[in-house]
Number of protein chains: 2
Amino acid sequence: MEGFHELLARVQQEIVCLQFPFPPKSLYDPIEYVLSMGGKRLRPVLTLMSCNLFTDDLEDAIRPALGLEVFHNFTLLHDDLMDKADKRRNKSTVHKVWNANTAILSGDAMLIAAYRLIGETKPEFLKEVLDLFTVTALQICGGQQYDMEFESRMDVSVDEYMEMIRLKTGVLLACALKIGAIIGGASAKDAENLYQFGIQIGLAFQLQDDLLDVYGDTAIFGKSIGGDILCNKKTFLLINALKRSNEQQRENLQNWIEKKIFDPNEKISAVTHLYDELCLRELSESKIRECCNQAMNYLSRVDVTTDRKVCLEDLSSRLMNRNS
Amino acid sequence: MEGFHELLARVQQEIVCLQFPFPPKSLYDPIEYVLSMGGKRLRPVLTLMSCNLFTDDLEDAIRPALGLEVFHNFTLLHDDLMDKADKRRNKSTVHKVWNANTAILSGDAMLIAAYRLIGETKPEFLKEVLDLFTVTALQICGGQQYDMEFESRMDVSVDEYMEMIRLKTGVLLACALKIGAIIGGASAKDAENLYQFGIQIGLAFQLQDDLLDVYGDTAIFGKSIGGDILCNKKTFLLINALKRSNEQQRENLQNWIEKKIFDPNEKISAVTHLYDELCLRELSESKIRECCNQAMNYLSRVDVTTDRKVCLEDLSSRLMNRNS
């Protein structure tokens with residue numbers, strides 16, 4: 001069995017070695033740029049960890065695991081373009097370094113490159129892995145579509161929000177775990193429990209992300225605090241604030257949301273103050289704990305010895321208590 | 001054996017029935033819009049015709065054939081966005097009816113939907129078909145990248161142009177034919193000959209397209225005549241004009257290319273006149289004949305009785321002598 005740091009190191013090393021042997025090079029430069037920007041490499045590590053529950057031979061899982069990382073970075077590339085985000089991980093985004101057309105076309109090539117890696121799955125598992133990946137990819141597009149539609153809506157419910165983050169974040173972690181399980185030779189039941197485990201840590205992960213945007217430490221988080229507040233992003237916090245505020249609080253919040261000209265720090269501080277009054281930090285933390293408990297419940301049902309699960313347990317508790 | 005019209009009718013009927021069962025519907029509306037815009041349905045028909053060379057049972061080829069049509073329409077969707085084209089087949093393009101973000105995201109979903117159909121290939125052929133499709137898709141992105149890069153270059157050679165159209169148009173027709181052959185149970189040699197046949201008709205098809213833009217009949221062609229001339233598109237004609245013109249002709253051409261303000265009809269007529277002087281219509285037609293001859297040569301090597309090939313021969317000669 002391999003530990004988190006060994007698996008991460010393996011993934012990092014494989015990403016550096018990824019080759020795009022088709023001309024023109026200019027099509028693949030943005031792909032290499034995006035992949036070199038770093039990131040947690042969470043999805044491929046989850047695939048390898050999940051596979052490692054069932055076998056010590058991880059070779060067959062490496063290429064599909066990389067496919068998931070390439071796919072994830074493709075979604076970031078196109079999402080950043082659609083969101084007009086200038087920075088990602090403190091570096092300029094592709095449409096800023098190059099231009100919008102390059103971001104579109106190299107993104108397309110990146111999605112196809114992800115399929116190329118998924119296509120290297122051992123033939124006996126190819127059909128199942130490919131179908132799961134494709135359905136997951138469509139769900140993620142659906143999640144992004146909901147996310148964009150929520151921008152212009154003020155009546156997004158908590159349930160709709162949870163469904164959106166399930167699609168945008170949950171299903172890819174779940175897919176990563178299930179693909180690892182399939183390739184590791186897991187039973188259908190174990191693979192499905194790992195899938196559900198992934199959904200729950202995905203939800204917890206995204207709720208934690210919303211929380212860090214308001215209550216995180218700028219230096220550690222790597223993004224400015226309050227970004228979501230400034231652009232009125234429909235997060236778990238804002239949706240609950242709109243739902244739980246009294247008439248006066250709601251009018252105040254509505255005012256801040258509609259203001260075109262304002263001092264950013266003033267808006268962040270006013271909205272955070274309202275979140276504090278409504279105890280939304282506690283509400284989020286309790287929802288995160290709920291998802292974590294459900295996740296652990298699914299993991300406990302996976303039919304392997306407890307010592308093999310330590311790695312996944314550690315990783316998920318680290319994700320929930322992270323500050324970046 | 002089925003004729004062209006039967007195969008086309010089958011493809012049309014299947015396209016209408018395509019289902020996108022994942023929410024949100026708003027993600028798939030642009031996909032249904034694009035697929036309802038019509039088009040020659042050339043790629044899926046080629047897949048079925050090619051399959052039909054080897055077997056009378058075309059069922060297994062239908063879903064992959066549709067995958068190629070969905071993929072082709074995905075490339076049109078994203079290309080139109082990158083080219084800022086307002087119209088396609090006399091209808092407004094997706095980024096005009098909706099917006100750029102919808103064109104990006106629904107395009108991505110469309111690419112994944114194409115993979116979903118390709119993924120329905122019979123397991124025994126899945127790996128080979130998937131690999132071919134993926135390499136082809138990357139080549140097409142490469143072709144689009146070259147095409148965009150050519151816009152700002154004045155030194156594009158005829159060889160570079162031919163390579164660009166091979167990637168942008170040839171490889172998908174070739175892929176369509178080879179996938180049909182594989183699923184029909186063809187030998188590797190026959191599948192490869194059909195692939196090469198496809199490359200040559202793809203080249204001829206694109207050269208014919210360049211020619212129709214200048215010498216076609218607006219009413220039949222469905223696009224305005226001279227569009228390529230107005231935007232200085234590096235076509236086979238313009239590249240050869242730049243190469244073959246004498247000093248005075250070249251200066252004249254260069255002037256028209258650099259002019260920012262001009263009467264469109266005057267520019268079209270002046271550049272067409274230059275093409276006439278340089279006999280570029282004849283040059284193109286001779287190049288098209290060369291590709292057709294090569295195509296027929298490859299088709300003749302395919303090891304099935306001549307009567308089974310009539311359909312493909314007819315279709316390709318119709319493509320070469322088309323006026324729309």
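In which hand does H4(A) pass H7(A) at their crossing? H4(A) passes H7(A) in a right-handed crossing; a crossing is right-handed if the near helix is turned clockwise from the far one by less than a right angle, and left-handed if anticlockwise. This is a predicted model, in which local features need pLDDT of at least 70 and side-chain atom pairs count only at pLDDT 80 or more, while totals for chains, interfaces and linings use all residues. Residues are numbered from 1 along each chain as its sequence is written, and chains are lettered from A and ligands numbered from 1 in the order in which they are written.

**How the two chains are related**

- Chain B is superposed on chain A by a rotation of 180° with 0.0 Å of shift along its axis, at an RMSD of 0.0 Å. That is the relation of a two-fold axis. The superposition is by least squares on the C-alpha atoms of residues with pLDDT of at least 70 in both copies.
- Contact joins 34 residues of chain B to 34 residues of chain A; two residues are in contact if their C-beta atoms, placed from the backbone, lie within 7 Å.
- On the side of chain B that touches chain A, the elements giving two or more residues are helices H2 (25–35), H4 (59–82), H6 (100–118) and H7 (123–151) of chain B. Helices (H or I, at least four residues) and strands (E, at least two) are DSSP runs, numbered from the N terminus.
- H7(B) gives the largest share of that side, 16 residues.
- The residues on that side of chain B are 20 nonpolar, nine polar and five charged. Ala, Val, Leu, Ile, Met, Phe, Trp, Tyr, Cys and Pro count as nonpolar, Asp, Glu, Lys and Arg as charged, and the others, Gly among them, as polar.
- The copies meet through the same surface, because 100% of the interface residues of chain B are also interface residues in chain A.

**Helix pairs in chain A**

- Helix H4 (residues 59–82) and helix H7 (residues 123–151) of chain A pack at an angle of about 20°, and their axes are 12 Å apart. That makes H4(A) roughly parallel to H7(A). Angles under 35 degrees count as roughly parallel, over 145 as roughly antiparallel, 65 to 115 as roughly perpendicular and the rest as oblique.
- Axes are lines fitted to C-alpha atoms, for helices over the stretch in contact, and angles run from 0 to 180 degrees between N-to-C directions.
- In this contact, H4(A) uses Pro64(A), Phe71(A), Thr75(A), Asp79(A) and Met82(A), while H7(A) uses Val129(A), Ala137(A), Ile140(A), Gln144(A) and Met148(A). Seven residues of the contact of H4(A) with H7(A) are nonpolar, two are polar and one is charged.
- Helix H13 (residues 247–258) and helix H14 (residues 264–277) of chain A have axes that come within 11 Å and cross at roughly 150°. H13(A) and H14(A) are therefore roughly antiparallel to each other, and their crossing is left-handed.
- Gln249(A), Asn252(A), Leu253(A) and Trp256(A) of H13(A) meet residues of H14(A) that include Lys267(A) and Leu274(A). By class, the contact of H13(A) with H14(A) has five nonpolar, two polar and two charged residues.

**A helix pair in chain B**

- Helix H3 (residues 42–54) and helix H8 (residues 158–184) of chain B pack at an angle of about 35°, with axes 7 Å apart. H3(B) passes H8(B) in a right-handed crossing.
- Among the residues making this contact are Leu46(B) and Phe54(B) of H3(B) and Leu172(B) and Gly184(B) of H8(B). The contact of H3(B) with H8(B) has 13 nonpolar, four polar and one charged residues.

**Backbone details**

- The peptide bond from Pro23(A) to Pro24(A) is cis, with omega near -5°. Pro24(A) lies in the loop between helix H1 (4–17) and helix H2 (25–35) of chain A.
- In chain B, a cis peptide bond joins Pro23(B) and Pro24(B), with omega about -5°.
- Arg41(A), in the loop between H2 and helix H3 (42–54) of chain A, has phi near 55°, a positive value in a residue other than glycine. Arg41(A) is buried, with 22 other C-beta atoms within 10 Å. A residue is buried if 20 or more other C-beta atoms, placed from the backbone, lie within 10 Å of its own, exposed if 12 or fewer, and partly exposed in between.
- Lys84(B) also has phi near 55°, but counts as exposed, with 11 C-beta neighbours inside 10 Å.
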